[in-house]
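Here is a short tour for anyone meeting this structure for the first time. Keep the 3D view open and follow along.

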Amino acid sequence: MPLSIFLATLFVSAISLIGGFLLISKRFALERHAGYFVSFAAGVMLATSFFDLLPEALGMGETTSILATVLVGIVLFFFMERFLLWFHHHDDTHQTKPSVWLIIIGDSIHNAIDGIAIATTFLTSPALGVAATLAIAAHEIPQELADFSVLIHGGMTKRRALLFNVLSALTAFAGALLGVIAIQASQAILPFFLAFSAGMFIYIACSDLIPDLHRDFTKQKGWLQSMPLLLGILVSWLIIRQLEG
């Protein structure tokens, strides 16, 4: 595995554990400010998709096929989320807590796909790899805060929940390795991996992150939470332009 991909995957995996460590330490009131992280992450993911991933993919492949792959990525993540919600509602009907194992499995799959996205983008260009890594890292903190809280609520001890967070984070390395092997075997799949990653980012931003901001909207902080979204777009655009220039 190329060093840049390994370091980026290690960075994202380390970021994913920050939420657990902060909740265990109780030294930071990060949950009160989670909305700002969510807003920033949404901006970064949208900007990375539309300024970098999609243009790169469209430059390498046929337009209809690339856009169809973006749609496949969005639809696949829709059904993954429906699957998780179905199990949660099934648990609720039996008056039990949501399945912590389902959260762990879902998080592991998500991290593996993140690893594939990191490998794909770095094999395309270092600038694209950095932008995608930033987008993934920005999303990891609010996501892991939520997942860690669910594990604790589901009956796990904090130490045990942190251990499973570490194990699920390691699946990103498996995903990165799979991405490297697949792309080295056939460069023809590279634009489709990029398009799929764009679909994943767009779905997460529009179906997960932005609705969270709307649900958390208040007159006092609602508009302030909108500013990090614009900041995320600006920061991503500046990074992409600087690295590619």
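Read along the sequence, the chain goes α-α-α-α-α-α-α-α-α-α. That comes to 10 helices and zero strands. Keep in mind that this is a predicted model.

The chain has 245 residues, and buried ones make up 47% of them. The accessible surface is about 12300 Å², with 70% of that belonging to carbon and sulfur atoms. Now take the contacts between residues at least 6 apart in sequence: 83% of these join residues at least 24 apart.

| Helix | Residues | Number of residues | Reach, first to last C-alpha | Expected reach |
|---|---|---|---|---|
| α7 | 158-169 | 12 residues | 16 Å | 16 Å |
| α8 | 171-185 | 15 residues | 21 Å | 21 Å |
| α9 | 190-215 | 26 residues | 37 Å | 38 Å |

For α7, the reach is close to what you'd expect at 1.5 Å a residue. The buried residues of this helix are A161, L162, F164, N165, S168 and A169. Look down the axis of α7 and these buried residues fall within an arc of 165°, so they line one face of the helix.

Helix α8 also reaches close to its expected length. Its buried residues are A172, F173, G175, A176, G179, V180 and I183. Down the axis of α8, the buried residues sit within an arc of 160°, so they too line one face. What does the face turned away from the buried side of α8 carry? You'll find the exposed residues L178 and A185 there.

There is a simple bit of geometry to remember when you look at such faces. An α-helix has 3.6 residues a turn, so residues three or four places apart point the same way.

Helix α9 has a reach close to the expected one as well. Where does α9 bend? The bend is at A205, and it is about 35°.

S168 is one of the residues on the list of buried ones in α7. Its relative accessible area is 2%, so it counts as buried. Which residues does S168 touch, leaving aside its neighbours within four places in sequence? It is in contact with I104, D107, S108 and N111. S168 and I105 are 63 residues apart in sequence, yet their C-alpha atoms are 7.7 Å apart in space.

**A cluster of rings**

Next, the aromatic side chains. A pair of aromatic rings is described by the distance of the centres and the angle of the planes. The model has four aromatic pairs.

One of them is F77 with F196, a tilted pair at 6.3 Å centre to centre and 50° between the planes. F77 lies in helix α4 (residues 63-93) and F196 in helix α9, so the pair ties together parts that are 119 residues apart in sequence. Both F77 and F196 are buried.

F77 also pairs with Y203: the ring centres are 6.5 Å apart and the planes stand at 40°, so this pair is tilted. Since F77 is in α4 and Y203 in α9, the pair ties together parts that are 126 residues apart in sequence.

Are F77 and Y203 buried or exposed? F77 has a relative accessibility of 5%, so it is buried. Y203 has a relative accessible area of 10%, so it is buried too. Put together, ring pairs link F77, F196 and Y203 into a cluster.

With a relative accessible area of 10%, H110 is buried. Setting aside its neighbours within four places in sequence, H110 is in contact with F77, H139, Q143 and I204.

Finally, go back to helix α4, where you'll find M80. At 25% relative accessibility, M80 counts as partly exposed. M80 and I109 are 29 residues apart in sequence, and their C-alpha atoms are 9.9 Å apart in space.

How values were computed:
Residues are numbered from 1 along each chain as its sequence is written. This is a predicted model: local features need pLDDT of at least 70, side-chain atom pairs count only at pLDDT 80 or more; totals for chains, interfaces and linings use all residues. Side-chain values use heavy atoms; hydrogens and water are left out. Helices (H or I, at least four residues) and strands (E, at least two) are DSSP runs, numbered from the N terminus. The expected span of a helix is 1.5 Å times one less than its number of residues. Buried means under 20% relative accessible area, exposed over 50%, partly exposed in between (1.4 Å probe, protein chains only). The arc is that of the directions from the helix axis to the C-beta atoms. The bend at a residue is the angle between axes fitted to the seven residues ending there and the seven starting there. Rings of Phe, Tyr and Trp (its six-membered ring) pair if their centres lie within 6.5 Å; planes under 30 degrees apart count as stacked, over 60 as edge-to-face and the rest as tilted. Contact means heavy atoms within 4.5 Å. Accessible areas come from the Shrake-Rupley method with a 1.4 Å probe; for residues, only the protein chains shown count as cover.
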